[in-house]
Amino acid sequence: MPASRRKSGEATDPDPNPGEKDNQAPSATRFSPEEEAALLAESHAEKAAANELFRVAQYSQAISTYDRALASVPNYLEYEIAVLKSNISACHLKLSDWKAAADEATKSIEALDRLEKPAPIATKGTLNEEGRTGVSSADNDATKHDGVIELADDDEDEVEALKKIEKNDRRKEDIKRIRAKALMRRARARSEQGGWGNLQGALEDYQTLSSYPSLPTSDTKVVNTAIHTLPPRINAAKEKEMAEMMGKLKELGNGILKPFGLSTDSFKFEKDEKTGGYSMGMNN
């Protein structure tokens with residue numbers, strides 16, 4: 001079966017005794033380097049086409065093309081998945097589909113979270129506890145260490161170790177850059193959606209972004225403005241939703257009390273300033 005036609009994570013060889021594994025947990029399978037490279041080449045071609053569709057404002061078509069690019073990416077390559085999900089979020093923003101934009105940005109961030117999760121040291125041919133390496137075969141050596149690679153005495157080995165350190169540092173910067181984009185897109189989508197929960201979530205995203213030292217100047221301005229303008233919107237949304245909730249509770253209470261010739265207006269609530277609690281009594 002050609003690599004480009006095989007689903008992500010599907011084993012290369014069929015299981016000769018499938019019945020013996022019915023009660024076992026499924027495990028992810030890595031593609032060979034050649035198969036993985038072929039799948040990524042196919043995905044990158046679709047991604048390039050989607051980027052061009054985005055450039056000419058064909059956002060719906062771009063989403064479909066990004067989805068095709070995702071279909072070719074092995075499901076353990078979290079970085080590639082995160083990039084594509086973030087791009088799809090950007091398309092939904094252009095279409096003012098705020099919920100979809102927030103959802104796709106969240107998926108991008110979750111993929112990066114899985115990628116940055118420390119993995120246990122494994123022997124050759126084994127996977128981490130999630131069945132993922134999170135990186136392509138070519139990048140595996142550069143990302144399985146947390147930036148600490150022991151330099152060997154041999155000059156050639158030392159050069160290779162330095163290259164791995166440099167590659168690891170570049171990948172970490174790439175992850176930060178994609179995370180910042182996804183957070184910006186999710187924050188804007190949540191802000192546009194409105195509502196107490198969404199606005200609070202947008203503020204939290206912007207507060208996270210405020211700690212990023214390498215944000216573009218334009219994004220920094222957006223972040224700083226949002227941090228100052230969102231709190232009043234959050235308070236207003238909170239009061240509105242609380243009032244709506246109390247109104248619904250009052251309707252429910254009136255329905256229960258009506259057979260007894262009473263209503264919620266028959267009662268009064270008095271706040272105890274010392275304890276902050278409330279006591280209920282009948283209106284005179």
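**Loops, helices and a buried arginine**

Student: Where does serine 96 lie?

Tutor: Serine 96 sits in the loop between α3 and α4 (98–116). Keep in mind that this is a predicted model.

Student: Okay, and what's its phi?

Tutor: Serine 96 has a positive phi of about 60 degrees, although it isn't a glycine.

Student: Why would anyone point that out?

Tutor: Because most residues other than glycine have a negative phi.

Student: Is serine 96 buried, exposed or partly exposed?

Tutor: Partly exposed: serine 96 has a relative accessible area of 44%. That falls between the 20% cut-off for buried and the 50% one for exposed.

Student: Which other residue has a positive phi although it is not a glycine?

Tutor: Alanine 57 is one of them, with a phi of about 65 degrees. You'll find alanine 57 in the loop between α1 and α2. At 42% relative accessibility, alanine 57 counts as partly exposed.

Student: Let me zoom out. What does the secondary structure come to?

Tutor: The protein has eight helices and two strands. Going along the sequence, the order is α-α-α-α-α-α-α-α-β-β.

Student: How many residues does the protein have, and what share counts as buried?

Tutor: There are 284 residues, and 32% of them count as buried. The accessible surface of the protein comes to about 18,000 Å², with 52% of that belonging to carbon and sulfur atoms.

Student: And what share of the contacts comes from residues 24 or more positions apart?

Tutor: That's 55%, taken over the contacts with a separation of 6 or more.

Student: Which residues make the contact?

Tutor: On the α1 side it's Ser43, Glu46, Lys47, Ala49, Ala50, Asn51, Leu53 and Phe54. On the α2 side it's Tyr59, Gln61, Ala62, Thr65, Tyr66, Arg68 and Ala69. Sorted by class, the contact of α1 with α2 has eight nonpolar, four polar and three charged residues.

Student: What about α1 and α3, at what angle do they cross?

Tutor: The axes of α1 (residues 33–55) and α3 (residues 78–94) cross at roughly 20 degrees and come within 12 Å. Angles under 35 degrees count as roughly parallel, so α1 and α3 are roughly parallel to each other.

Student: Left-handed or right-handed crossing?

Tutor: Left-handed, as α1 passes α3.

Student: Which residues meet there?

Tutor: From α1 you have Leu40, Ser43, Lys47, Asn51 and Phe54. They meet Glu80, Val83, Leu84, Asn87, Ala90, Cys91 and Lys94 of α3. By class, the contact of α1 with α3 comes out as six nonpolar, three polar and three charged residues.

Student: Tell me about asparagine 87. Buried or exposed?

Tutor: Asparagine 87, in helix α3, is buried, with a relative accessible area of 17%.

Student: What is asparagine 87 in contact with?

Tutor: Ignoring neighbours within four places in sequence, asparagine 87 is in contact with Lys47, Asn51, Tyr66 and Arg185.

Student: Where is arginine 185 found?

Tutor: Arginine 185 is in helix α6, residues 155–193.

Student: Buried or exposed?

Tutor: Buried, since arginine 185 has a relative accessible area of 19% and the cut-off is under 20%. Not counting residues up to four places away in sequence, arginine 185 touches Ser86, Asn87, Ser89, Ala90 and Leu93.

Student: How many residues apart in sequence are arginine 185 and threonine 106?

Tutor: They're 79 residues apart in sequence, and their C-alpha atoms are 9.4 Å apart in space.

Student: Last one: where is aspartate 219 found?

Tutor: Aspartate 219 is in helix α8, residues 217–257. Aspartate 219 is partly exposed, at 23% relative accessible area. Aspartate 219 and alanine 180 are 39 residues apart in sequence and 9.6 Å apart in space, C-alpha to C-alpha.

How values were computed
Residues numbered from 1 in each chain as written. Predicted model: local features only at pLDDT ≥ 70, side-chain atom pairs only at ≥ 80, totals over all residues. Heavy atoms only, no water. Axes fitted to C-alpha atoms, helices over the stretch in contact; angles between N-to-C directions. Helix = DSSP H or I, 4+ residues; strand = E, 2+ residues; numbered from the N terminus. Parallel < 35°, antiparallel > 145°, perpendicular 65-115°, else oblique. Left-handed = near helix turned anticlockwise from the far one by under 90°. Contact = heavy atoms within 4.5 Å. Nonpolar A, V, L, I, M, F, W, Y, C, P; charged D, E, K, R; others polar. Buried < 20%, exposed > 50% of the residue type's maximum accessible area, 1.4 Å probe, protein only. Areas by Shrake-Rupley, 256 points an atom, 1.4 Å probe, with all protein chains shown as cover.
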